Amino acid sequence: MTLAHYLAVAALLFLVGLFGALTRRNIIGILMSIELMFNAANLNLAAFDRFLHPGGVAGQTLALFTITVAAAEVVVGLALLLAIYRGAGTVYVEDYNLLKG
Amino acid sequence: MLEAIVFWSLAGLVLLSALAVVTLRNTVHSSLFLGLSLAGVAGLFASLGADFLFAAQIMVYVSGIAVLILFAVMLLGRASDLHLRQVNDLWPTALLVCVVAGAGLFKVAAFFEGIVALEPPAPGTRAIGRLMLGDCLLPFELVSLALLAALIGAVFFCRSGGEENP
């Protein structure tokens with residue numbers, strides 16, 4: 001397996017996540033699509049580490065930081081989402097117009 | 001040969017379950033497929049020889065984030081959601097954006113065509129630990145601060161919303 005194979009899988013995973021983030025109406029679906037995009041980036045980091053820098057771990061360490069930030073993001077995102085759902089009573093993003101003048 | 005079988009089966013698992021995540025109408029099914037897709041990415045990490053990343057992916061994503069999202073889906077969903085369209089009207093435009101972005105990404109990926117790994121993968125946990133407490137000490141401490149801020153933020157948002165609404 002060459003580096004290009006792993007990059008292609010990561011690119012496809014990123015595109016699927018991008019499509020989901022652009023088209024889902026449900027806000028939890030958008031959060032899930034964002035998680036897919038994070039994973040595509042992590043896969044790229046680990047693949048570059050393995051193929052271009054054998055024996056090095058800088059990419060894996062950066063991927064670990066990404067995982068940590070993604071975990072923090074999803075925790076705060078879900079808490080915000082529950083708070084918004086209490087106020088708005090819906091999970092569909094086109095109904096979130098609290099800031100509309 | 002074995003590496004190719006592992007790679008293609010894991011890649012198929014990851015991509016098909018990711019497609020199921022973004023296209024299925026039932027959000028509970030979507031979140032279950034999200035767990036499957038994340039587990040497949042963990043398998044790809046293992047095939048890349050990133051052992052610590054594999055363990056971290058299983059612990060944080062599959063057993064943490066996927067379960068958390070499943071809880072949120074069960075708290076927020078309604079039965080009537082199953083009959084509603086889950087995709088907005090602009091999906092052809094989004095598909096166009098994805099095709100254009102994909103053309104660029106595959107051009108970059110084709111640039112790295114033919115690069116193979118020369119040595120077998122070696123365990124990297126010890127080196128990661130040394131790097132985190134050596135050169136990466138400042139980001140390591142900052143990310144713990146970010147986790148603390150996320151914890152307090154989650155508690156704050158859930159609590160204040162509950163008290164203000166009668």
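In this predicted model, chain A and chain B bury about 6900 Å² between them, 78% of it contributed by carbon and sulfur atoms, where buried area is the accessible area (1.4 Å probe) that two parts lose on being put together, summed over both. Across this interface, 67 residues of chain A are in contact with 82 residues of chain B, contact meaning heavy atoms within 4.5 Å. The model is predicted, with pLDDT of at least 70 needed for local features and 80 or more for side-chain atom pairs, while totals for chains, interfaces and linings use all residues. Residues are numbered from 1 along each chain as its sequence is written, chains are lettered from A in the order in which they are written, and side-chain values use heavy atoms, leaving out hydrogens and water.

The helix pairs that follow are DSSP runs (H or I, at least four residues), numbered from the N terminus; their axes are lines fitted to C-alpha atoms over the stretch in contact, and angles run from 0 to 180 degrees between N-to-C directions. Helix α3 (58–88) of chain A and helix α3 (residues 51–76) of chain B have axes that come within 11 Å and cross at roughly 10°, which makes α3(A) roughly parallel to α3(B), a term for angles under 35 degrees, whereas those over 145 count as roughly antiparallel. Among the residues that meet here are I67(A), V74(A) and Y85(A) from α3(A), and F52(B), Y61(B) and L76(B) from α3(B). The residues of this contact divide into 22 nonpolar, 2 polar and no charged, with Ala, Val, Leu, Ile, Met, Phe, Trp, Tyr, Cys and Pro taken as nonpolar, Asp, Glu, Lys and Arg as charged, and the others, Gly among them, as polar.

Helix α1 (residues 3–23) of chain A packs against helix α4 (residues 91–111) of chain B at about 160°, their axes 9 Å apart, and the two are therefore roughly antiparallel.

The whole structure has 1 over all chains, joining E94(A) and R25(A) at 2.5 Å, N to O. This pair links distant parts of the chain, 69 residues apart: E94(A) lies in the segment after α3, and R25(A) in the loop between α1 and α2 of chain A.

Methods
Angles under 35 degrees count as roughly parallel, over 145 as roughly antiparallel, 65 to 115 as roughly perpendicular and the rest as oblique. A salt bridge is a side-chain nitrogen of Lys or Arg within 4 Å of a carboxyl oxygen of Asp or Glu.
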